[in-house]
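Good morning, and thank you for joining this group meeting. Please look at the sequence and the structure on the screen while I go through them.

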Amino acid sequence: MILCSCCVIRQDDLRDAVRALVAENPKAPITLNRVYRFLGKTPDCTDCSPLLTRRISILAADIIVKETILRGQDVPRRLK
């Protein structure tokens, strides 16, 4: 699904960028500007920025919890 039509940013591209930015520096906030810079794109109209900001926060939380805290597990070991 295309999230930004002026820069042609797909959801998979956004997920990969957020995953790479979390791996690069887990303590730094994932902002829209960092994602654009990572993808090598510059926004034209910024109509999609509220959608992208919300989607980035959801993806970052999901990636941090599942891949960093739970280390790839869906259910924590202590709850199994």
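I begin with Cys6, which is partly exposed at a relative accessible area of 28%; here buried means under 20%, exposed over 50%, and partly exposed in between, with a 1.4 Å probe and protein chains only. The closest cysteine sulfur to that of Cys6 belongs to Cys4, and at 3.6 Å it is too far for a bond. Cys7 is in no disulfide either, the nearest cysteine sulfur being that of Cys6, 3.9 Å away. Cys7 is buried, with a relative accessible area of 7%. The structure as a whole holds zero disulfides, where a disulfide is a pair of cysteine sulfur atoms within 2.5 Å.

A word on the basis of these values. This is a predicted model, in which local features need pLDDT of at least 70 and side-chain atom pairs count only at pLDDT 80 or more, whereas totals for chains, interfaces and linings use all residues. Residues are numbered from 1 along each chain as its sequence is written, and side-chain values use heavy atoms, with hydrogens and water left out.

The pLDDT, the predictor's confidence in each residue from 0 to 100, has a mean of 85 over the protein chain, and 85% of the residues reach 70 or more. Helices (H or I, at least four residues) and strands (E, at least two) are DSSP runs, numbered from the N terminus.

Which residues of the largest nonpolar core touch the most other members? They are Leu14, Val18, Ile30, Val35, Tyr36 and Leu52, out of 19 residues in that core. E1, helix H1 (11–24), H2 and helix H3 (49–69) each supply at least two residues of this core. By nonpolar core I mean a set of buried Ala, Val, Leu, Ile, Met, Phe, Trp, Tyr and Cys residues joined through side-chain atoms within 4.5 Å. Val18 illustrates the packing: not counting residues up to four places away in sequence, Val18 touches Ile30, Val35, Ile56, Leu59, Ala60 and Ile63, a contact being heavy atoms within 4.5 Å.

Next, the charged pairs. There are three salt bridges in the structure, each defined by a side-chain nitrogen of Lys or Arg within 4 Å of a carboxyl oxygen of Asp or Glu. Arg15 pairs with Asp12 at 3.1 Å, N to O, and both lie in helix H1, three residues apart, about one turn of the helix. Arg19 pairs with Asp16, the closest N and O atoms being 3.8 Å apart; these two also lie in H1, three residues apart.

The remaining pair is Glu24 with Arg34, at 4.0 Å, N to O. Glu24 lies in H1 and Arg34 in H2, so this pair ties together parts that are ten residues apart in sequence. Leaving aside neighbours within four places in sequence, Arg34 is in contact with Leu21, Glu24, Ala28 and Pro29.

Finally, two backbone details. Val8, in the loop between E1 and strand E2 (9–10), has a positive phi of about 55° although it is not a glycine. Thr46, in the loop between H2 and H3, likewise has a positive phi of about 55° without being a glycine.
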